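User: I'm new to this one and would like to learn how to read a helix. Could you walk me through it?

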Amino acid sequence: MNTTTPVVVVTGASAGIGAAAARRFGREGYRVALAARRRDRLEQVAATLQELGADALVVPTDVRDPQQVQRLADAVAQTWGRVDVLVNNAGLGRLAPLTALDPVDDILLQIQVNLTGAIWVARAFLPLMQAQRRGVIVNVASVAGWVGLPHYTVYAATKFGLRGFTEALRREVRPAGIRVVGLYPGPVRTEFGQHAFKDPTARPRATRWGRRLVLSAEDMAEVIWRVAQRPRRGVLSPWWMGPLVWLNTHFPGLSDRIITRAMR
Ligand SMILES: NC(=O)c1ccc[n+]([C@@H]2O[C@H](COP(=O)([O-])OP(=O)(O)OC[C@H]3O[C@@H](n4cnc5c(N)ncnc54)[C@H](OP(=O)(O)O)[C@@H]3O)[C@@H](O)[C@H]2O)c1
């Protein structure tokens with residue numbers, strides 16, 4: 001077994017930010033473990049990685065199931081015996097007024113994928129990282145983990161929760177040499193919007209300016225790559241999310257008025 005080539009594990013690797021992050025690490029010669037539910041899509045990403053000369057391991061995984069998550073961690077440990085970076089990225093949104101969300105298919109689903117799923121995944125890979133006394137975990141949350149918006153109630157709850165988990169875990173495992181990073185993206189062009197709006201007519205149409213402000217999955221993969229090399233506590237991306245979070249934190253009353261009016 002080649003023990004020197006670094007290993008990255010990416011959840012939600014079948015699409016969007018996760019697939020782009022897998023390709024970004026593959027280009028740098030990492031061995032890449034790919035996890036999500038859709039095997040065919042994971043195989044496509046793996047084929048691209050193999051064209052780049054990178055090893056890929058496809059492990060179909062539903063992060064809602066802790067046993068499947070444990071099988072993913074076991075597969076990586078048995079195949080490659082190490083994990084350098086974990087991109088804890090699988091996630092989805094169900095965006096609608098709270099009363100329009102189904103308790104199971106929308107509310108529980110978001111909690112089980114975005115929050116408890118991310119917790120299972122971090123927990124499953126920690127023993128290997130602790131044995132190595134090193135590793136980086138990048139939890140892909142959202143700017144919705146800082147700012148609550150109408151129709152984002154449960155999504156925001158999961159991402160605020162993931163931010164709290166990230167902060168506490170960072171302090172828990174730093175003495176063991178493990179770094180935990182929170183990534184808080186603003187809007188990114190992916191399949192996210194196709195699954196997020198229960199009412200497709202509620203999906204906002206991007207203006208020309210809006211389109212310019214939205215990042216690509218490759219832009220976000222670049223941020224993930226950089227932060228994995230030089231871990232920081234957290235990254236808000238794009239940069240202009242920073243002032244929005246600052247305004248929301250320090251002027252909550254003004255933010256209430258602006259956001260309520262803008263999203264009416
Ligand atoms: N796009 C944005 O504007 C945006 C902004 C801020 C934060 N984010 C966050 O970025 C992350 C990636 O989202 P994206 O924009 O790249 O969306 P995307 O293109 O829809 O990709 C979502 C990924 O999550 C996987 N996934 C969904 N449910 C899963 C489950 N139960 N088990 C395992 N994998 C599951 C999907 O794979 P399968 O369907 O094959 O399982 C897919 O690979 C999410 O955590 C999202 O909340 C996105």
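Predicted model: local features only at pLDDT ≥ 70, side-chain atom pairs only at ≥ 80, totals over all residues.

User: What does the radius of gyration say about the chain?

Analyst: A compact globule of 264 residues would have a radius of gyration near 18 Å, and the chain has 18 Å, so the two agree. Along the principal axes, the C-alpha atoms fill a box of roughly 60 × 40 × 35 Å.

User: Now the helix. Which residues does H2 cover, and how far does it reach?

Analyst: H2 runs over residues 39-51, which makes 13 residues. From first C-alpha to last it reaches 18 Å, close to the 18 Å expected at 1.5 Å a residue.

User: Which residues of H2 are buried, and why do they line one face?

Analyst: Here's the general idea: an α-helix has 3.6 residues a turn, so residues three or four places apart point the same way. In H2, the buried ones are Leu42, Val45, Ala46 and Leu49. Seen down the axis of H2, they fall within an arc of 105°, so they line one face.

User: What covers that buried side, and what sits on the face turned away?

Analyst: The cover includes helix H1 (16-27), along with strands E2 (31-36) and E3 (56-60). On the face turned away you'll find the exposed residues Asp40, Ala47 and Glu51.

User: And what comes just after H2?

Analyst: There, Gly53 takes a positive phi of about 90°.

Notes:
Residues numbered from 1 in each chain as written. Rg over C-alpha atoms; globule rule 2.2 N^0.38 Å. Helix = DSSP H or I, 4+ residues; strand = E, 2+ residues; numbered from the N terminus. Expected span 1.5 Å × (residues − 1). Buried ≥ 20, exposed ≤ 12 C-beta atoms within 10 Å, placed from the backbone. Arc of directions from axis to C-beta. Contact = placed C-beta atoms within 7 Å.
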